[in-house]
Amino acid sequence: MKRKRFTEEQIIGILKEAEAGAVVTELCRKHGMSSATYYAWKAKYGGMELSEMQRLKHWQRTRVRL
């Protein structure tokens, strides 16, 4: 099984850095990820706050149990 490398807090932080004006290629190099990963996160979590992301994860886990 693939190990999860970034926490939700880290993902939100990286997206916030990009929104603040950082260059995406530099962010990817700094954090050791691909640009495809960044754009996938942006599509999935773009504009979310940490509390919203945690609520989304909670509902996803609940839905899986049902």
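At 31% relative accessibility, Lys-16 counts as partly exposed, a class that lies between buried (under 20% relative accessible area) and exposed (over 50%), computed with a 1.4 Å probe on protein chains only. The side chain of Lys-16 meets that of Glu-49 in a salt bridge, with 3.0 Å from N to O; a salt bridge here is a side-chain nitrogen of Lys or Arg within 4 Å of a carboxyl oxygen of Asp or Glu. Glu-49 is likewise partly exposed, with a relative accessible area of 40%. The pair links distant parts of the chain, since Lys-16 belongs to helix H1 and Glu-49 to the loop between H3 and H4, 33 residues apart.

The model is a predicted one, in which local features need pLDDT of at least 70 and side-chain atom pairs count only at pLDDT 80 or more, while totals for chains, interfaces and linings use all residues. Residues are numbered from 1 along each chain as its sequence is written, and side-chain values use heavy atoms, with hydrogens and water left out.

The protein has four helices and zero strands, and its pattern along the sequence is α-α-α-α. Helices (H or I, at least four residues) and strands (E, at least two) are DSSP runs, numbered from the N terminus. Taken along the principal axes, the C-alpha atoms fill a box of roughly 40 × 30 × 15 Å. Of the 66 residues in the protein, 27% are buried. Contact means heavy atoms within 4.5 Å. Among contacts between residues at least 6 apart in sequence, 56% join residues at least 24 apart.

The structure holds three salt bridges in total. Besides the pair of Lys-16 and Glu-49, Glu-17 forms a salt bridge with Lys-30, the closest N and O atoms being 3.4 Å apart. This pair also links distant parts of the chain, with Glu-17 in helix H1 and Lys-30 in helix H2 (residues 24–31), 13 residues apart. Glu-17 is partly exposed at 27% relative accessibility, whereas Lys-30 is exposed at 59%. Glu-26 and Arg-29 form a salt bridge in which the closest N and O atoms are 2.9 Å apart. Both residues lie in helix H2, three residues apart, about one turn of the helix. Glu-26 is partly exposed at 43% relative accessibility, and Arg-29 is exposed at 60%.

Glu-8, in helix H1, is buried yet has no salt bridge. The nearest side chain of opposite charge (Lys and Arg count as positive and Asp and Glu as negative; His and the chain ends are not counted) is that of Lys-57, 4.6 Å away. Leaving aside neighbours within four places in sequence, Glu-8 is in contact with Leu-50, Met-53, Gln-54 and Lys-57.

Helix H4 (residues 50–65) has 16 residues and reaches 23 Å from its first C-alpha to its last, close to the expected 22 Å. The expected span is 1.5 Å times one less than the number of residues. Met-53, Lys-57 and Thr-62 are the buried residues of H4, and they pack against helix H1 (8–19) and helix H3 (35–45).

In soluble globular proteins, nonpolar side chains tend to be buried together. A nonpolar core is a set of buried Ala, Val, Leu, Ile, Met, Phe, Trp, Tyr and Cys residues joined through side-chain atoms within 4.5 Å. Of the 15 residues in the largest such core, Ile-11, Met-33, Tyr-38, Trp-41 and Tyr-45 touch the most other members. The elements giving two or more residues to this core are H1, H2 and H3, and its largest share, five residues, comes from H1. Tyr-38 is buried, with a relative accessible area of 4%. Not counting residues up to four places away in sequence, Tyr-38 touches Leu-15, Ala-18, Val-24, Cys-28 and Met-33.

Two aromatic pairs are present. Rings of Phe, Tyr and Trp (its six-membered ring) pair if their centres lie within 6.5 Å; planes under 30 degrees apart count as stacked, over 60 as edge-to-face and the rest as tilted. The ring centres of Phe-6 and Trp-41 are 5.1 Å apart and their planes are at 80 degrees, so this pair is edge-to-face. Because Phe-6 lies in the segment before H1 and Trp-41 in helix H3, the pair ties together parts that are 35 residues apart in sequence. Both Phe-6 and Trp-41 are buried. The rings of Tyr-38 and Tyr-39, with centres 5.0 Å apart and planes at 75 degrees, also make an edge-to-face pair. Tyr-39 is partly exposed, with a relative accessible area of 46%.
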